[in-house]
Amino acid sequence: MIKVNNLSKEFHEQGARNELLAVDHVNFSLQDGSFCALVGESGSGKSTLAQLMCGLLAPSSGEVLFDGKNIALYRGKQKQALRSKIQLILQDGKGAMDPRFTVHEIIAEPIRNFRKLTKKEEEQEIAELLTMMELPEEIKLRKAHEMSGGQQKRVCIARALAAQPDVLIFDEAVSGLDVLVRKHILDLLKRLHQERKMTCFFITHDLDVALYLADRVMVMRCGKIIEDRAFHGSTDCFTHSYTKLLLHSIAPYLG
């Protein structure tokens with residue numbers, strides 16, 4: 001579904017002579033229905049890679065293919081359709097929502113932009129998405145600042161699902177949440193993936209979260225993918241020294 005070929009992204013830092021290579025010749029593919037996690041420390045290039053995969057940034061070199069087509073060449077209706085097919089869920093749930101909108105309006109926006117539903121169908125869809133996200137019906141009248149961090153994240157996920165995407169990309173989607181709230185949302189994502197068979201790409205700096213969620217784990221450092229392994233419950237599959245260091249740091253939590 002998504003294929004990343006020799007992808008690089010350079011940024012010019014003000015006052016610096018050299019370019020900053022945020023993503024460095026990255027290659028991988030995402031298969032339909034897979035759940036892949038990308039692990040890396042802050043500044044490793046994870047978020048830049050996510051924006052490249054969504055078409056929000058143009059690559060310096062290389063390409064991102066969606067269903068075999070280079071997304072950098074998309075124009076007009078093709079680009080609009082891509083926005084519905086690949087949805088990005090950001091770390092800052094509150095900042096990702098228009099503060100003037102109610103939850104109802106936030107979720108309704110992608111339905112109106114990408115789908116042709118009647119008013120009744122739209123209302124039913126919003127109600128079903130709120131139920132799926134385990135949110136009370138009355139929350140649809142609230143605005144972003146009137147919700148908890150966990151509720152904000154759930155609304156952002158509901159909004160993404162409202163577009164009926166093929167791929168969900170989560171960029172640090174559970175960072176900053178209380179441990180119990182985070183666990184609840186992670187379980188929700190696992191169930192969502194199993195029920196909808198959606199392709200999920202989950203970016204995190206927590207290896208334990210990646211191991212809990214994904215059937216494939218990639219590790220990124222200094223703009224490069226240094227490890228890419230199918231994960232079936234045993235950490236013996238990881239061989240890179242940096243990944244082993246990360247595993248050592250979370251050993252008390254692995255049981």
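Helices here are DSSP runs of H or I with at least four residues, strands are runs of E with at least two, and both are numbered from the N terminus.

Before moving on, a word about the model. It is predicted, so local features need pLDDT of at least 70 and side-chain atom pairs count only at pLDDT 80 or more, while totals for chains, interfaces and linings use all residues. Residues are numbered from 1 along each chain as its sequence is written, and side-chain values use heavy atoms, with hydrogens and water left out.

**Stop 1**

Thr48 is buried, at a relative accessible area of 14%; buried means under 20%, exposed over 50% and partly exposed in between, with a 1.4 Å probe and protein chains only. Now show its contacts, meaning heavy atoms within 4.5 Å. Apart from neighbours within four places in sequence, Thr48 is in contact with Lys9, Phe11, Ala22, Val23 and Leu57.

Next, select Gly40, in the loop between β3 (35-39) and α1. Gly40 is buried too, with a relative accessible area of 2%. Not counting residues up to four places away in sequence, Gly40 touches Lys46, Thr204, His205 and Met220.

**Stop 2: strand β8 and its partners**

Select β8, residues 199-204. Six of its six residues are buried. Thr199, Phe201 and Ile203 point one way from the strand, and Cys200, Phe202 and Thr204 point the other way.

Strands count as paired if DSSP finds at least two bridges between them. β3 pairs with β8 in the parallel sense over five bridges, and Val39 has Thr204 as its bridge partner in β8. β7 and β8 also run parallel, joined by five bridges; look for Val167 opposite Thr199.

**Stop 3: aromatic pairs**

Show the rings of Phe, Tyr and Trp (its six-membered ring). They pair if their centres lie within 6.5 Å; planes under 30 degrees apart count as stacked, over 60 as edge-to-face and the rest as tilted. The count comes to three aromatic pairs. One of them is Phe170 with Phe202, a tilted pair at 5.7 Å centre to centre and 40° between the planes. Phe170 lies in β7 (residues 167-171) and Phe202 in β8, so the pair ties together parts that are 32 residues apart in sequence. Phe170 is buried at 1% relative accessible area, and Phe202 is buried at 1% as well.

Then jump to Phe231 and Phe238: their ring centres are 6.2 Å apart and their planes at 25°, so this pair is stacked. Phe231 is buried at 10% relative accessibility, and Phe238 at 3%.

**Stop 4**

Which residues have the most contacts inside the largest nonpolar core? A core is a set of buried Ala, Val, Leu, Ile, Met, Phe, Trp, Tyr and Cys residues joined through side-chain atoms within 4.5 Å. The largest has 53 residues, and those with the most contacts inside it are Ile157, Leu161, Phe170, Phe202, Leu207 and Val217. α5 gives the most to this core, with seven residues. A second, separate core of 26 residues includes Leu38, Leu82, Ile169 and Met218.

Now select α5 itself, residues 149-162. Of its 14 residues, 13 are buried. The expected span of a helix is 1.5 Å times one less than its number of residues; for α5 that should be 20 Å, and its end C-alpha atoms are 20 Å apart, which agrees. Just after α5, check the backbone of Gln164, with a positive phi of about 55°.

**Stop 5: His193**

Finish on His193 in helix α6 (residues 179-196). His193 is buried, with a relative accessible area of 13%. Leaving out residues up to four places away in sequence, His193 touches Gly33, Ser34, Phe35, Met198 and Cys200. His193 and Ser34 are 159 residues apart in sequence and 8.6 Å apart in space, C-alpha to C-alpha.
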